[in-house]
Amino acid sequence: MKRILVTGAAGQIGTELSARLLDRYGPGVTLATDIRDPVAWARGGLAEQLDCLDLDALRRTVTRLGATDIFHLAAILSAAAEEDPLRAYRINMNGLVNVLQVAAETGCRVFTPSSIAAFGPETPRDPAPQSTLQRPTTMYGVTKVAGELLCDYYHARFGVDARGLRFPGLVSYTAPPGGGTTDYAVEIFHAAVDGGRYVCPLKPDTRMDMMYMPDAIRAIIELMEAPATSLVHRNAFNVTAVHFTPAELARAIRAHVPGFEIDYAPDPLRQAIADSWPERLDDSEAREQWGWRHEYELPDMVAGMLRGLKTRPARHAAGPAGRWNDAD
Ligand code: VAH
C-alpha cells in the first residue's frame with residue numbers, strides 16, 4: 001500500500017502537491033510535514049511538524065508511516081539562499097542527504113526537484129540541453145547540481161529509486177512566493193488583482209522559462225508513476241512549458257486588467273541570478289522517456305491565476321490537521 005511522506009509541505013509546491021496527492025490517492029495515504037507547525041498551514045489531510053535536518057526524527061516518521069515514497073520539497077530558494085548561503089547549503093544538502101539515507105535504509109522511493117538554476121552562464125542558453133555543462137554561480141544552483149549527483153550516487157550505490165525534475169519558475173496562487181528569483185511572476189498577479197500597479201525587480205526583457213503549477217504537479221505525479229525501466233535521466237529531467245519576459249507577462253495581464261501598470265526597478269541580486277540561467281530548457285528527453293506534455297500556455301496561465309486569486313477559497317475545509325498514528 002502506497003504511503004507518502006511530503007517534506008516542505010507548506011511551501012509553494014508542497015501546498016498544491018499535498019492537496020493533489022490527497023485527491024488522487026485518498027485520505028490516510030499522504031502525511032504532509034513541514035518545519036512550521038501545521039496549525040499555520042495544514043488544510044485537511046494528515047499533517048505534522050517535521051525537521052528533515054533531524055535524521056532520527058525523519059527515520060522515526062518514515063518508519064511509523066511505513067512510507068513507500070518521500071516527496072522531498074524542503075529547500076531554500078535562489079534569492080533567499082544568497083542572503084544566507086551557509087544556511088541554504090545546510091538545509092538544501094543535509095535535508096536531502098538525510099532523506100536519501102533513510103530511503104536507502106527503508107527502500108522508499110524519492111522525488112526531489114532540481115531546477116533550471118542547476119545551470120550557469122557557461123551552459124548553452126537557448127535551449128539548455130538535457131546533458132550539458134553545469135557550473136551554476138549561486139548557492140541554490142550549487143545545491144541543485146550537488147543534489148542531482150547525490151541522487152545519482154544513492155541510486156547507483158544503494159539502489160534508491162530517486163527521481164527529479166529540473167523545474168523552471170513556477171507560477172501559482174495558493175501559497176506565497178518563497179524567496180525565488182522568479183517570484184515576480186507570482187507577485188505581479190497579486191498586484192494586478194489588488195491595485196493594478198507593479199514594480200518589477202527584473203528588467204522588462206528578462207526572458208525565463210516558466211510553468212503554471214498545475215502542470216508542475218502533474219509532471220511530478222506522472223514521473224513518479226512512470227515505470228523505472230523507461231527512465232534514463234531519472235532524477236534531473238529538464239521540463240518546461242512557457243517562456244516569457246516581464247513585459248510580455250504584463251501585456252498578457254493587461255488583456256484582463258485594462259490599465260494595469262508596471263514599472264521596473266531591477267534588483268541587482270535577482271537580475272544577476274536570472275541572467276546566469278538559460279533562457280529555455282530542452283525537455284525532449286522527458287517528452288520521450290515518460291510522455292511529458294505541458295498543457296498551460298501563457299494565456300491559460302494568466303486567466304487561471306487571475307481567476308484563482310479573485311475566487312481563492314477560504315482555507316480548505318476545517319479538517320483539523322490529523323496526526324499519523326499506529327491506528328491508521
Ligand atoms: C527560484 N522559483 O526562483 C525558484 C526556481 C527556476 C527558479 O528554482 O529560486
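This is a predicted model: local features need pLDDT of at least 70, side-chain atom pairs count only at pLDDT 80 or more; totals for chains, interfaces and linings use all residues.
**Entry 1: the buried strand**

I began with a definition: buried means under 20% relative accessible area, exposed means over 50%, and partly exposed lies in between (1.4 Å probe, protein chains only). I also noted that helices (H or I, at least four residues) and strands (E, at least two) are DSSP runs, numbered from the N terminus.

Residues are numbered from 1 along each chain as its sequence is written, and side-chain values use heavy atoms, with hydrogens and water left out.

How many residues of β11 are buried? I found five of the five, so β11 is largely enclosed by the rest of the structure.

Next I looked up the partners of β11, where two strands pair if DSSP finds at least two bridges between them. Strand β9 (residues 169–171) pairs with β11 in the parallel sense over three bridges, and L170 stands opposite M211. Strand β13 (residues 242–244) runs antiparallel to β11, joined by three bridges, and here M208 faces F244.

Which residues of helix α9 (residues 268–276) are buried? I listed R270, Q271, I273, A274 and S276. Their cover includes α3 (78–83) and my strand from the last entry, β11 (208–212).

P266 sits in the loop between β14 (261–264) and α9. I found P266 partly exposed, at 39% relative accessibility. Contact means heavy atoms within 4.5 Å. Leaving aside neighbours within four places in sequence, P266 touches C200, P201, L202, K203 and Q271. I liked the pair P266 and C200: 66 residues apart in sequence, they are 6.8 Å apart in space, C-alpha to C-alpha.

**Entry 2: an open sheet**

I traced an open sheet of three strands in the order β6-β8-β12, with parallel pairing. β6 (114–115) and β12 (237–238) stand at the edges with a single partner strand each, so one side of each has no neighbour in the sheet. Two bridges join β8 (residues 165–167) to β12, and L165 stands opposite F237. Helix α7 (residues 213–225) packs on this sheet, touching β8 and β12, and its direction makes about 170° with that of β8. For such angles, axes are lines fitted to C-alpha atoms, for helices over the stretch in contact, and angles run from 0 to 180 degrees between N-to-C directions.

**Entry 3: two helices packing**

At what angle do α2 (residues 55–65) and α4 (residues 85–106) pack? I read about 40°, with the axes 10 Å apart. α2 and α4 are therefore oblique to each other; angles under 35 degrees count as roughly parallel, over 145 as roughly antiparallel, 65 to 115 as roughly perpendicular and the rest as oblique. The contact uses L55, L58, R59 and V62 of α2, and N98, V99, V102, E105 and T106 of α4.

Most residues other than glycine have a negative phi, and most peptide bonds are trans. R234, in the loop between α7 and β12, has a positive phi of about 40° although it is not a glycine. I found R234 buried, at 9% relative accessibility. A cis peptide bond joins D126 and P127, with omega about 0°, and P127 lies in the loop between β6 and α5 (139–158).
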